[in-house]
Amino acid sequence: MTENSERRVISVIVVNEASVLSRITDLFSGRGYNITSLTVAPIPDSKYSRLTIATSGSVRVIEQITKQLHKLIPVLRVYEHADLVEKEMAMVKFPITENLSDINTLCEAYNGKIVNVGENVIIAMVADEPKRVENFLKVIKRYNPKEIVRSGAVALER
Amino acid sequence: MQISGAQMVIEALTLEGVDTVFGYPGGAIMNVYDEIYKQDKFQHILNRHEQAAVHAAEGYAKASGKVGVAMITSGPGFTNAVTGLADAYMDSIPLVVISGQVPMSLIGTDAFQEIDAVGISRSCTKHNYLVTDAKDLPRILKEAFYIASSGRPGPVHVDIPKDVTAQIAEFDYSQPVKLETYKPHTKGNPRQIKKAIEAMADSKRPLFYLGGGIINANAAYEVRELVHKTGIPAVETFMARGVLAHDDEHLIGMLGMHGSYAANMAMSETDLVIALGARFDDRVTGKLSEFAKNAAVIHVDIDPASISKLVNADFPIVGDVKNVVNEMLEISSKIDVSKFESWRETINNFDDLHPLTYHEDSEKLKPQWVIERVGELLGDDANISTDVGQHQMWTAQFYPFSRPRQFISSGGLGTMGFGFPAALGVKAAAPQQTSVNFTGDGSILMNCQELMTAVEKKLPVINIILNNNYLGMVRQWQTLFYDKRHSETDLSVQPDFVKLSEAFGGIGYRVSTKEEFDAALKDAVEKDVVAFIEVIVHRLENVMPMVPSGGSLFNMMLLEKKEK
Ligand SMILES: Cc1cc2nc3c(=O)[nH]c(=O)nc-3n(C[C@H](O)[C@H](O)[C@H](O)COP(=O)(O)OP(=O)(O)OC[C@H]3O[C@@H](n4cnc5c(N)ncnc54)[C@H](O)[C@@H]3O)c2cc1C
Ligand SMILES: Cc1ncc(C[n+]2csc(CCOP(=O)(O)OP(=O)(O)O)c2C)c(N)n1
Ligand SMILES: [Mg+2]
């Protein structure tokens with residue numbers, strides 16, 4: 001993106017109704033904003049859902065994103081997080097022939113463990129800050145990961 | 001009351017005070033049309049194309065200040081209407097557009113005339129709905145009217161499957177709209193308003209930058225009062241023509257790409273921009289980094305997303321411009337009116353240097369003369385719409401507008417084909433006034449089928465076709481920036497416009513002198529039937545002055561000076 005593009009996490013509280021997600025993603029694609037990751041889930045005991053969107057842009061772009069999001073009729077609130085706790089989950093499939101205890105130790109360092117063991121593969125998961133998850137994924141490259149899935153970030157203001 | 005979805009539509013429109021609906025029937029909306037047949041609460045105007053129906057609803061909304069309503073069928077009916085939705089979205093026009101959809105059970109099966117209508121309209125409406133149960137219909141229609149007309153106005157699209165229009169459910173329209181997630185901010189922050197007034201009092205060269213939001217807010221007369229009380233000069237956007245009367249001594253003129261030299265120089269030299277309901281469009285600002293470079297900015301807008309979108313606001317005020325201006329009026333006596341005398345003199349000197357004018361140097365009529373002449377003959381009484389192109393810019397430059405809602409034109413989308421159907425809507429809303437559409441030989445063909453609507457519904461719109469045998473605006477750019485390669489803009493091959501109008505039962509005139517024009521206009525006004533007045537004008541006239549695309553406002557291409 002343009003000058004001084006910065007990563008930002010935005011939470012959006014929306015009415016839980018048909019097509020609300022496409023309203024949000026259309027806004028991003030229509031106005032040329034990018035989405036690094038997006039997670040959605042209903043907020044318990046309410047008619048609202050919470051979206052966590054990781055995006056990037058200059059200060060002006062981020063300000064426009066929050067204003068444009070707010071303009072959508074089913075959007076209740078938009079938080080552009082300054083001080084937040086942010087977590088992301090990742091799951092990785094390894095061949096069972098790799099060094100399992102090394103993998104387990106690594107996972108533990110990133111709040112995770114081996115969650116499934118099959119005949120040919122094991123599945124490990126970690127849950128940590130997105131940057132650290134990134135790091136984890138770099139480190140485990142040498143164990144020949146067969147498949148990697150990331151959840152996208154969720155965040156709460158401190 | 002237990003009624004069908006189709007009956008609910010009629011009831012809701014009636015309760016909303018709708019007196020005119022523009023539309024075109026088809027399979028998926030037939031249940032509603034059946035109820036239209038049975039009722040006498042509002043008139044239905046059958047346009048001859050769905051795009052025209054939506055433009056007519058826009059014209060109606062603009063002229064009346066009410067919500068415009070259009071009704072169309074699914075599939076091609078809807079896709080034809082999309083240009084109208086997009087146009088209304090860009091120009092913030094309140095509309096409710098109701099479309100039929102295939103029955104719920106067929107949605108997603110590629111059924112006959114099925115198209116994902118809400119998927120398409122999402123990005124060109126303020127909001128949209130797919131109704132899945134008739135019991136939701138009263139709430140949805142009520143919300144649609146509320147959303148369309150409140151805050152920053154805009155089009156709302158309601159898509160109703162055919163089986164929902166047949167379904168019987170309870171109709172109760174008395175519930176107030178309850179939208180927890182939509183609460184437009186209408187009252188400006190008093191502290192910010194006070195600071196803004198102080199900034200005006202302190203500035204040496206302040207300038208009002210008046211925008212279309214003032215017309216939306218019905219605030220033109222309050223703004224006139226503020227301008228007069230403060231003595232601060234003003235420029236208008238294209239969308240704000242008529243906010244100040246053309247002969248107001250404080251009005252410098254229109255700014256922007258085809259604005260006047262004085263207006264653009266004033267914007268370049270000001271130390272305080274006071275933007276009221278204007279959105280810093282690229283046609284207005286030219287090169288952003290050079291726009292009002294040394295000025296602080298007060299920005300009043302009801303849409304927070306308009307503020308600091310393109311130009312940073314030092315005094316952002318979110319609110320309805322009418323409320324804000326009223327508050328400003330209460331404390332405006334702090335401003336010393338005499339203080340801006342020398343600033344006004346500077347601006348007057350700019351105007352003397354390069355006034356907005358044209359040369360009568362050709363055998364052929366000059367298009368600008370025609371527009372000025374209509375102004376002299378009809379002036380205040382006429383409502384003016386336009387199509388898109390050179391004729392549109394000349395109308396904005398040379399017509400003597402004297403009141404808000406007098407000028408209706410497609411600014412944001414620039415939709416050729418807008419003018420004639422919009423003028424029909426204007427005429428339906430204000431039948432006592434003459435409705436004139438300035439159009440081009442290119443644009444008029446994009447909705448000329450509306451001659452039939454005009455004849456049938458006795459909507460005697462006068463279309464003045466400024467015929468230059470060119471897609472003139474594009475030709476102008478080719479002349480100036482593409483080394484005169486006039487690629488595909490020559491319209492030498494043309495219909496007989498007089499016969500075209502006559503074929504539908506309208507009247508037609510072809511004129512090429514001043515006398516002929518006067519006689520034709522006089523006759524058309526008296527005849528009270530839709531008219532085409534084709535005026536043969538000088539082919540190669542350019543709209544001047546001009547800020548080349550991406551250039552700075554102070555670097556204008558100017559009209560060549562001629563010795564008198
Ligand atoms: C060929 C061509 C050339 C053009 N050249 C020019 C040109 O030279 N100069 C020019 O000015 N334009 C020109 N235009 C038009 C231009 O594209 C824009 O449509 C126009 O400049 C926008 O005007 P505006 O800023 O007044 O905004 P509008 O589109 O009228 O927007 C209104 C603003 O007011 C706000 N608002 C709405 N209601 C309220 C309320 N109740 N209270 C407060 N705020 C409110 C809205 O949020 C919005 O920000 C041209 C168009 C075409 C097709
Ligand atoms: C639907 C649409 N298509 C294309 C354009 C691009 N365009 C802008 S002005 C113009 C020429 C209009 O010609 P005419 O109606 O004769 O008006 P003139 O400029 O000659 O006065 C064109 C093609 C447009 N604005 N709208
Ligand atoms: Mg032309």
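Reader: Let's start in chain B. Which residue follows helix 1, and what is its phi?

Author: Helix 1 of chain B is followed by Gly17(B), which has a positive phi, near 80°. A helix here is a DSSP run of H or I with at least four residues and a strand is a run of E with at least two, both numbered from the N terminus. Keep in mind that this is a predicted model: local features need pLDDT of at least 70, side-chain atom pairs count only at pLDDT 80 or more, and totals for chains, interfaces and linings use all residues. Residues are numbered from 1 along each chain as its sequence is written, chains are lettered from A and ligands numbered from 1 in the order in which they are written, and side-chain values use heavy atoms, leaving out hydrogens and water.

Reader: Which residues of helix 1 in chain B are called buried?

Author: Helix 1 covers residues 5-15, and the buried ones are Gly5(B), Ala6(B), Met8(B), Val9(B), Ile10(B), Ala12(B) and Leu13(B). Buried means under 20% relative accessible area, exposed means over 50%, and partly exposed is in between (1.4 Å probe, protein chains only).

Reader: How do you know that the peptide bond from Met544(B) to Pro545(B) is cis or trans?

Author: Look at omega: it is near -5° there, and the bond is cis. Most peptide bonds are trans. Pro545(B) is in the segment after strand 20 (531-536) of chain B.

Reader: Back to chain A. How many helices and strands are there?

Author: Chain A has four helices and eight strands. From the N terminus they run β-α-β-β-α-β-β-α-β-β-α-β. The C-alpha trace of chain A spans about 55 × 40 × 30 Å along its principal axes, and 42% of its 158 residues count as buried.

Reader: Which residues of chain A form a nonpolar patch on the surface?

Author: Met89(A), Met91(A) and Val149(A) do, with about 230 Å² of accessible area together. Patch members need over 30% relative accessible area and no salt bridge; like charges are joined within 9 Å, and nonpolar side chains (Val, Leu, Ile, Met, Phe, Trp, Tyr) within 5 Å. A salt bridge is a side-chain nitrogen of Lys or Arg within 4 Å of a carboxyl oxygen of Asp or Glu. Areas come from the Shrake-Rupley method with a 1.4 Å probe, and for residues only the protein chains shown count as cover. Met91(A), in strand 5 (residues 84-95), has a relative accessible area of 33%, so it is partly exposed.

Reader: On to the ligands. Which residues come nearest to ligand 1?

Author: Gly212(B), Thr237(B), His258(B), Arg279(B) and Asp301(B), out of 34 around it. A residue is near if one of its heavy atoms lies within 4 Å.

Reader: What makes the pair between Asp301(B) and ligand 1 a polar contact?

Author: A polar side-chain atom of Asp301(B) lies 2.6 Å from a ligand oxygen. A polar contact is a pair of N or O atoms within 3.5 Å (within protein, one must be able to donate a hydrogen and the other to accept it, and residues adjacent in sequence count only if both atoms are side-chain atoms), so this pair qualifies. A backbone N or O atom of Ile302(B) lies 3.2 Å from a nitrogen atom of ligand 1. Taken alone, ligand 1 exposes 1000 Å², and the protein buries 96% of that. Helix 9 (213-216), helix 12 (282-285) and helix 16 of chain B each give two or more residues to the shell.

Reader: And ligand 2: how many residues are around it, and which come nearest?

Author: There are 17, and Gln390(B), Gly414(B), Ser443(B), Gly472(B) and Met473(B) come nearest. A backbone N or O atom of Gln390(B) lies 2.8 Å from an oxygen atom of ligand 2. Alone, ligand 2 exposes 580 Å², of which the protein buries 76%. Helix 19 of chain B gives the most to this shell, with three residues.
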